[in-house]
Amino acid sequence: MDAIAIISIFVLAVFVGFEVVSKVSSTLHTPLMSGANAIHGVILVGAIIVADHSEANSLELWLSLAAIILATINMVGGFVVTDRMLEMFKPKKKGGE
Amino acid sequence: MNSTLYSLIGLAAGVAFILALKGLSHPKTARRGNLIGAFGATVATLSVFLYVTPSHGEEVGHSLPLHNFWWILGAIAVGLIIGVPAARKVEMTQMPQLVALFNGVGGGAAALVAIVEYLNLGAEATTAEVIFTVFTVVVGCVSFSGSIITFMKLQELMTTRPVVFPGGRFVIAGTLAAVLGTSVWVVAALGTTPLLVLAVLSLLFGVLFVLPVGGADVPIVISLLNAFTGLTVAASGYVLSSTLLIIAGTLVGASGTILTRLMAEAMGRSLFGTLFGAFTAKPQEASGSAEERPVRSGSADDVAILLNYARRVVIVPGFGLAVAQAQHTVRELADLMISKGIDVAYGIHPVAGRMPGHMNVLLAEANVPYDQLAEMDEVNPTFGQTDVAIVIGANDVVNPAAQTTPGCPIYGMPILEVNHASNIIFLKRSMRPGFAGIENELLYDPKTMLLFGDAKASLTKVVSALKAL
């Protein structure tokens with residue numbers, strides 16, 4: 001991939017990232033952090049790619065398998081715990097006005 | 001699957017992550033947003049099994065299935081077996097440290113991915129790839145070890161106070177210099193040994209970076225390390241030519257940075273002060289002969305009488321409430337008072353609990369009606385007309401020192417101004433100061449009454465005393 005394409009993607013993603021969370025009530029800070037945390041668990045994709053590139057029975061393979069385990073914990077655990085937090089908000093009807 | 005389709009799936013996953021973050025920013029769409037994110041991540045993970053990313057220098061990848069296919073599946077299974085039960089069983093009170101831990105392992109995974117790809121590339125790596133590898137290893141390791149320390153602080157496996165040792169700032173600055181020097185060494189010398197030295201130094205720096213952070217600032221640091229991990233994922237996306245990783249990592253890096261700033265604002269902390277606390281922190285001065293001073297403590301009956309004749313009561317819940325699992329008893333007390341015609345509200349500080357919004361999660365778990373929860377800006381002007389403020393297991397968020405004592409660690413943090421209420425009742429286990437470790441003047445105020453004991457047991461006694469009246 002050429003450098004300009006990568007820089008473009010990076011810069012645009014920075015702006016999107018800034019934009020989507022610019023107004024969040026403090027109530028949602030914790031779930032939002034937890035959800036964003038789960039999203040970077042997608043490094044699992046990278047861990048699988050490097051495991052594929054590694055020779056059988058090599059140090060590289062063992063390290064990449066460790067990365068897969070850690071990334072899976074990050075991704076799946078992150079989404080599950082975020083869902084649990086948000087589940088509690090769900091049945092509440094906003095009362096009062 | 002051809003590379004175009006694979007890239008398009010990656011793009012779709014990237015869009016899913018944007019929608020996820022967008023959804024998570026609004027109460028009504030938050031849960032759906034999280035599910036969209038989970039869906040995107042699942043699709044992205046499945047797609048790697050159907051398309052082989054070419055190794056460096058190859059035009060096309062080898063034919064399917066992936067090399068080491070069963071090992072990969074096995075490792076994912078192990079991750080699921082560890083991650084899912086941990087996320088399902090964790091008590092909501094302990095959830096902040098679990099998030100810290102998940103973030104740490106993500107950073108560790110990114111660092112490992114970079115190291116492995118570096119070992120696989122060997123001398124073929126371009127300078128740009130080596131620079132991104134170095135970045136991923138340094139920041140990933142800092143995120144990993146830093147998160148472990150925040151986990152230990154929140155789990156109270158170690159002190160929650162800032163850990164400051166003499167000459168600490170020089171040790172930290174020295175470690176940082178060593179990390180930077182070794183980074184240059186890796187780029188220049190291209191060897192395995194320099195990279196491993198770099199990883200070890202970065203791990204050490206992560207520990208030193210977080211140690212001087214005080215308990216109250218820990219959530220800000222978790223959020224910051226979360227943004228760090230996002231950036232490492234983006235950098236490893238560059239090395240692996242994966243657009244998806246670049247998009248996802250950058251999104252988290254950017255939104256995490258904004259979130260960190262928002263949190264710091266909600267807590268009235270300067271981000272700079274939190275981050276460079278390591279360089280400026282002084283050991284805490286002893287708070288004089290505070291423990292010797294008299295306090296007024298009362299019994300559950302005294303509290304019940306006070307409540308019985310009140311017209312307006314504000315309940316200020318804190319982390320201690322959750323620790324004692326007293327959410328349900330509080331609700332019982334609130335319902336009883338409402339049935340006696342007393343006006344009851346919960347005053348929720350934005351950072352009550354251990355993280356912004358944590359207290360809302362805990363009270364929602366006890367089915368406290370949403371309309372009884374009043375945010376700080378709403379409830380503060382009403383304390384003047386409040387007869388009784390009941391502070392349950394909270395301390396720092398009502399400490400007037402935040403407004404009156406420049407130089408104290410929480411100075412400038414917005415507080416719930418319970419000191420304006422006619423009577424204040426503190427339910428406390430002991431005279432121990434709060435998470436930030438600061439003495440609270442309000443405990444010695446003449447209009448304050450203390451009810452010592454476990455919050456749940458005390459509340460149960462108050463409820464039965466109030467019923468008897």
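## The side of chain A that touches chain B

In this predicted model, 77 residues of chain A are in contact with 98 residues of chain B. On chain A, the elements that give two or more residues to this side are helix 1 (3-20), helix 2 (29-39), helix 3 (43-53) and helix 4 (59-89), and the largest share, 28 residues, comes from helix 4 of chain A. Sorted by class, the side of chain A that touches chain B has 47 nonpolar, 22 polar and eight charged residues.

## Helix 4 of chain A against helix 15 of chain B

Helix 4 of chain A passes helix 15 of chain B in a left-handed crossing, and the axes of helix 4 of chain A and helix 15 (residues 358-365) of chain B come within 8 Å, crossing at roughly 65°. Here Met85(A), Met88(A) and Phe89(A) meet Val361(B), Ala364(B) and Glu365(B), a contact with five nonpolar, no polar and one charged residues.

## Helix 3 and helix 4 within chain A

Helix 3 and helix 4 of chain A pack at an angle of about 160°, with their axes 8 Å apart; an angle over 145 degrees counts as roughly antiparallel, and the two helices of chain A are therefore roughly antiparallel to each other. Their crossing is left-handed.

The residues that make this contact include Ile43(A), Leu44(A) and Ala47(A) of helix 3, and Leu61(A), Ser64(A) and Leu65(A) of helix 4. By class, the contact of helix 3 with helix 4 of chain A has twelve nonpolar, two polar and no charged residues.

Notes. Residues are numbered from 1 along each chain as its sequence is written. Chains are lettered from A and ligands numbered from 1 in the order in which they are written. This is a predicted model: local features need pLDDT of at least 70, side-chain atom pairs count only at pLDDT 80 or more; totals for chains, interfaces and linings use all residues. Two residues are in contact if their C-beta atoms, placed from the backbone, lie within 7 Å. Helices (H or I, at least four residues) and strands (E, at least two) are DSSP runs, numbered from the N terminus. Ala, Val, Leu, Ile, Met, Phe, Trp, Tyr, Cys and Pro count as nonpolar, Asp, Glu, Lys and Arg as charged, and the others, Gly among them, as polar. Axes are lines fitted to C-alpha atoms, for helices over the stretch in contact, and angles run from 0 to 180 degrees between N-to-C directions. A crossing is left-handed if the near helix is turned anticlockwise from the far one by less than a right angle, and right-handed if clockwise. Angles under 35 degrees count as roughly parallel, over 145 as roughly antiparallel, 65 to 115 as roughly perpendicular and the rest as oblique.
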